[in-house]
Amino acid sequence: MNLLEAIRTRRSIQKMKPDPVPQSMIEQILEAATWAPNHFLTEPWRFIVLQGEGRKQLGKVFAALYVDKQRDEGINPDLLEKQAERALRAPVVILVIATPSPKKHILPREEFAACCAGVQNMLLTAHALGLGAIWSTGPAATHPRTRELFLLEEREEVVGFIYIGYPDQSLPKGKRTPFQHKTLWLNDKMT
Ligand SMILES: Cc1cc2nc3c(=O)[nH]c(=O)nc-3n(C[C@H](O)[C@H](O)[C@H](O)COP(=O)(O)O)c2cc1C
């Protein structure tokens, strides 16, 4: 698959098979992230790979979100368990964490931007390997329980939870606004 084809045909995959993903593929995906451009070569990322029972740590965050939401209405134990199981929707979940440099001249938003470039590399690599993936954030990304369970330092942020597995659905059809609608050309042809 060439690069443009990979870029065009990559889609967020919601439904994945429980089949394990080979370690070598997970490592290729992580390596791809580390080749992202990053200003001042700070390499402002770290990764936490959740597999098997390890995914239950993320399940605890989803459970905490449910408990927060139900504070006034009471907890339904079945729904609580269902929420916790959301983390099991893929065999691999990679937390991408931005670790901005504390140096004064380095902007945290640029560090976060570099991590986003890394995530796209991960998604494209997963796609090229025949895997499905989805970048997910939502309230779990900023919840205090996430910070606590995954030992985030104060300046660190979750860039995304990247769910990865073999697709258990067909590739959804992508839809984008043509670039012509989003582009202003400033060049020699200006009058
Ligand atoms: C920063 C970011 C966060 C996202 N978070 C979620 C999410 O929480 N849940 C979800 O279903 N999709 C999430 N997505 C995936 C987008 O919904 C998806 O990329 C979009 O619908 C376009 O579809 P495509 O990826 O198949 O082209 C996120 C994407 C980005 C870039």
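Student: At what angle do helix H2 and helix H5 pack, and how far apart are their axes?

Tutor: A helix pair is read from the angle between the two axes and from the distance that separates them. In this predicted model, helix H2 (residues 23-34) packs with helix H5 (residues 108-128) at about 145°, and the axes are 7 Å apart. The crossing of H2 and H5 is right-handed.

Student: Which residues make the contact of H2 with H5?

Tutor: H2 contributes Gln 28, Ile 29, Ala 32 and Ala 33. From H5 come Gly 118, Val 119, Asn 121, Met 122, Thr 125 and Ala 126. Sorted by class, this contact of H2 with H5 comprises 6 nonpolar and 4 polar residues, with no charged residues.

Student: How many helices and strands does the protein chain contain, and in what order do its elements run?

Tutor: The protein chain has 6 helices and 4 strands. Read from the N terminus, the elements follow the order α-α-β-α-α-β-α-β-α-β. The C-alpha trace spans about 65 × 45 × 35 Å along its principal axes.

Student: What do the burial and the sequence range of the contacts show for the protein chain?

Tutor: The protein chain has 191 residues, of which 27% count as buried. Among contacts between residues at least 6 apart in sequence, 83% join residues at least 24 apart.

Student: In what order do the strands lie in the sheet, and is the pairing parallel or antiparallel?

Tutor: The general idea comes first. Strands of a sheet pair through backbone hydrogen bonds, and the arrangement is either parallel or antiparallel. Here, 4 strands form an open sheet in the order E1-E2-E4-E3, with antiparallel pairing. E1 and E3 are the edge strands, each pairing on one side only. From one strand to the next, the twist averages 20°.

Student: Over how many bridges does E2 pair with E1 and with E4?

Tutor: Strand E1 (residues 45-51) pairs with E2 over 7 bridges in the antiparallel sense. E2 and strand E4 (residues 157-165) also pair in the antiparallel sense, over 7 bridges. Trp 45 stands opposite Ala 98 in E2. On the E4 side, the bridge partner of Leu 95 is Phe 161, and that of Val 93 is Tyr 163.

Student: What is the corresponding description for E3 and E4?

Tutor: E3 and E4 pair in the antiparallel sense over 5 bridges. Trp 135 stands opposite Ile 162 in E4, while Ala 133 has Ile 164 in E4 as its bridge partner.

Student: Which residues other than glycine have a positive phi, and where do they lie?

Tutor: Two cases may be examined in turn. Phe 40 has a phi near 60°, a positive value in a residue other than glycine. Phe 40 is placed in the loop between H2 and E1. Because Phe 40 has 14 C-beta neighbours inside 10 Å, it counts as partly exposed. Leu 151, likewise not a glycine, has a positive phi of about 55°. Leu 151 lies in the loop between helix H6 (144-149) and E4. With 9 C-beta neighbours inside 10 Å, Leu 151 therefore counts as exposed.

Student: Which residues surround the ligand, and which element gives the most to that shell?

Tutor: The ligand is surrounded by Arg 11, Ser 12, Ile 134, Trp 135, Ser 136, Thr 137, Gly 138, Gly 160, Pro 172 and Gly 174. Strand E3 (residues 132-136) gives the most to the shell, with 3 residues. By class, the shell divides into 3 nonpolar, 6 polar and 1 charged. Trp 135, one of the residues around the ligand, is also the residue that stands opposite Ile 162 in E4.

Key:
Residues numbered from 1 in each chain as written. Predicted model: local features only at pLDDT ≥ 70, side-chain atom pairs only at ≥ 80, totals over all residues. Near = placed C-beta within 6 Å. Helix = DSSP H or I, 4+ residues; strand = E, 2+ residues; numbered from the N terminus. Nonpolar A, V, L, I, M, F, W, Y, C, P; charged D, E, K, R; others polar. Axes fitted to C-alpha atoms, helices over the stretch in contact; angles between N-to-C directions. Left-handed = near helix turned anticlockwise from the far one by under 90°. Contact = placed C-beta atoms within 7 Å. Buried ≥ 20, exposed ≤ 12 C-beta atoms within 10 Å, placed from the backbone. Pairing = 2+ DSSP bridges.
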